[in-house]
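Thanks for coming, everyone. Please have a look at the chain on the screen, and then I will walk you through a few parts of it.

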Amino acid sequence: MIDIISSKTFHFNGLVIDLHPEVYEPAEDSFLLIEALKINYGDKILEIGTGCGLIALECARCEAQTICTDVNPFAIQLARHNSERNRQMLKGTIEVRDGDLFSAIKEREIFDIVIFNPPYLPTSNEKKVGGWLDVATDGGKDGLQVIKRFIEGIKKYLSQNGRAYFVFSSLSDRTKLEEYLDKERLTYEIVLSQQFDFEVIDIYCVTPKY
Ligand SMILES: C[S@@+](CC[C@H](N)C(=O)[O-])C[C@H]1O[C@@H](n2cnc3c(N)ncnc32)[C@H](O)[C@@H]1O
């Protein structure tokens, strides 16, 4: 079990979220993503890469039926701990599953909304420090290594009118990103954008073309 008692805690919309040094601490990108979401009562939501669980918990607080995943075992334990801790605040449901991208999702499970704040920073081999915080931020040479695999998998898990939201940084390769989206026949739109010190963060919303 991870030691949660020694970690930091923060508050968000009535949720109390414990943190852990091996798990990404929600930042501007996480909060921008939450701001962009349009959640309806009973929506089935999948959050990939949940970290401490904040986004998935916010969805469950807003009456959604939420499943979230992560590859980091510390994140899985922390998200489960935070789900338990906030049980009274949740009007919907939350289930935390361990796995790479969609690997923990069963054959016929589909979602109204899929969400991902991926590792998106372009990172050379020299810049890698190793460990789980690298896994949270390292998007490979062009920043798109994990996002590309996510884009290739989305369609199978979206309902007829489903949509997916993900974070993109201006430090990554936008031309390549939009080529990947076109190749998968996904319509895309930037629904929210904010300038930070060194980058612009965009929230993309994508839907399948039928
Ligand atoms: C930038 S952090 C976002 C954490 C949290 N969702 C937030 O917005 O604060 C990225 C998260 O994705 C997870 N992750 C990275 N690659 C993944 C993969 N292939 N499948 C599932 N989760 C992944 C990391 O472990 C990390 O928790």
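This is a predicted model: local features need pLDDT of at least 70, side-chain atom pairs count only at pLDDT 80 or more; totals for chains, interfaces and linings use all residues.

Let me start with strand E4 (65-70), where five of the six residues are buried, so that this strand is largely enclosed by the rest of the structure. Buried here means that 20 or more other C-beta atoms lie within 10 Å of a residue's own, while exposed means 12 or fewer and partly exposed lies in between, with the C-beta atoms placed from the backbone. Strands (E, at least two residues) and helices (H or I, at least four) are DSSP runs, numbered from the N terminus. Residues are numbered from 1 along each chain as its sequence is written.

Which strands pair with E4? On one hand there is strand E3 (residues 44-48), which pairs with E4 in the parallel sense over five bridges, and pairing requires that DSSP finds at least two bridges between the strands. Within that pairing, Ile 45 has Thr 66 of E4 as its bridge partner. There is also strand E5 (residues 93-98), which runs parallel to E4 and is joined to it by six bridges, with Val 96 in E5 as the bridge partner of Cys 68. From E4 the chain crosses through helix H3 (residues 73-85) to E5, in a β-α-β crossover that is right-handed, meaning that, with the strands pointing away from the viewer, the path from the first strand over the helix to the second runs clockwise. E3, H2 and E4 likewise form a right-handed β-α-β unit.

Ile 45 turns up again when we look at Ile 115, which touches Leu 33, Leu 37, Ile 45, Glu 47, Ile 55 and Tyr 165, if we leave out residues up to four places away in sequence; contact means C-beta atoms, placed from the backbone, within 7 Å.

Now, please follow the loop between H2 and E4, where Glu 63 is found. Glu 63 has a positive phi of about 75 degrees although it is not a glycine, and it is partly exposed, with 16 other C-beta atoms within 10 Å.

Technical notes: Two residues are in contact if their C-beta atoms, placed from the backbone, lie within 7 Å.
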